[in-house]
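Here are a few friendly notes to read alongside the model.

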Amino acid sequence: MPNNPTKILLSMTLVGGILISISSNSWLGAWMGLEINLMSFIPLMTSQENIFTTEASLKYFVIQALASSVLMFLVMMKALMYQGFTMSNNIYEYVIMTPLLTKMGAAPMHWWFPSVMEGLSWVNCLLMMTIQSAAPMILMSYLMKINPLILTVVMLSVVVGSMGGMNQTSLRKILTYSSINHTGWMLMALLGGINLWVMYFAVYSMLTSAVTITAKLFNISFINQMMSTNEKSAVKFVLFTTLLSLGGLPPFIGFLPKWITIQMMIANNLSLTMTVMVITSLATLYYYLRMCYSSFIILHNETKWNPLMHKANKTSMHSIVLASMSMMGLIVCTMIVSIN
Ligand SMILES: *[C@@H]1O[C@H](CO)[C@@H](O)[C@H](O)[C@H]1NC(C)=O
């Protein structure tokens with residue numbers, strides 16, 4: 001919780017906007033909620049200490065305002081030609097999807113995402129990757145059917161997500177591409193129903209917050225900084241387990257939503273899309289492993305003068321709890337299912 005009254009107010013309206021948007025039963029209300037959410041997030045992004053936030057918030061504002069006005073335009077067009085602002089007959093489902101896809105940063109419209117994320121603080125990165133994409137996705141669920149547009153977007157998202165992170169050294173960029181990838185998977189999960197999506201979203205949010213909190217606490221922005229963290233702190237362990245979990249490796253909890261989504265896709269005869277998604281997720285593990293592996297293998301000497309060292313001596317309880325959830329989660333879940 002922020003300790004500044006303005007920030008508390010803005011966080012409340014941020015969440016309020018999302019709630020308005022997902023609980024409204026007309027497109028006009030949904031649009032209004034998205035707009036309240038945007039107008040609360042922009043001031044939260046800017047900070048006096050960091051000059052990059054100005055650029056990031058400006059870019060974010062322009063893109064989101066563009067998407068909102070397109071959404072407004074399409075909704076009005078639908079209202080004038082068919083019965084009002086209701087969500088019932090989605091005659092325009094293809095076109096109304098596009099501004100929503102832009103807002104959540106799915107693949108052909110993802111170009112703003114990495115450069116905006118690069119300028120943000122870790123907490124704002126976390127908000128951006130998780131709850132900022134929740135409202136557009138729930139609105140998407142009203143329009144979702146298995147159609148060529150959505151399959152293309154999903155495939156492009158997973159390809160961009162896994163290829164884009166390949167040569168990055170910045171942890172923020174890597175997490176952004178991972179977020180684009182998971183957006184693709186979450187859209188696919190949405191086809192299987194809102195329950196599957198909620199499960200995916202919860203697991204994804206937990207894992208991203210584990211990585212983000214750890215990175216913020218230990219001041220890690222680039223992957224070479226992971227190697228020079230203190231041996232005694234559990235930071236390498238935490239990052240290792242949560243990153244592999246984000247990559248969907250079986251003993252970790254990240255595999256659970258992936259597993260169910262794959263099963264759903266097979267049941268719906270989407271094997272081609274599924275093949276693409278599974279193969280790209282294999283390519284992904286390469287760079288997740290590269291991040292973790294080198295930091296375990298490379299021997300490092302501890303310097304006495306590095307001010308970050310002293311700060312990083314204590315281990316954060318949040319990170320440990322989240323990391324153990326990521327490790328034990330799948331085992332616990334499968335045990336609960338097989339016990340009854
Ligand atoms: C994308 O998501 C899938 C499913 O969770 C995962 O297996 C894969 O490693 C992810 N790729 C990236 C870039 O995060």
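**Notes on the ligand site and salt bridges**

1. A polar side-chain atom of Tyr 288 sits 2.9 Å from an oxygen atom of the ligand. For Tyr 200 the corresponding distance to a ligand oxygen is 3.2 Å, and for an N or O atom in the side chain of Ser 281 it is 3.5 Å. A polar contact here is a pair of N or O atoms within 3.5 Å.

2. Please keep in mind that this is a predicted model, in which local features need pLDDT of at least 70 and side-chain atom pairs pLDDT 80 or more, while totals for chains, interfaces and linings use all residues. Residues are numbered from 1 along each chain as its sequence is written, and side-chain values use heavy atoms, without hydrogens and water.

3. The shell around the ligand (a heavy atom within 4 Å) includes Gly 161, His 182, Trp 185 and Lys 258. By class, the shell residues are four nonpolar, seven polar and one charged; Tyr and Trp count as nonpolar and Gly as polar.

4. Two salt bridges are counted (a side-chain nitrogen of Lys or Arg within 4 Å of a carboxyl oxygen of Asp or Glu). One of them pairs Glu 55 with Lys 59, with the closest N and O atoms 2.9 Å apart. Both residues belong to helix α3 (residues 52-81; a DSSP run of H or I, at least four residues) and are four residues apart, about one turn of the helix.

Notes:
Polar contact = N/O pair within 3.5 Å; in protein donor to acceptor, adjacent residues only side chain to side chain. Helix = DSSP H or I, 4+ residues; strand = E, 2+ residues; numbered from the N terminus.
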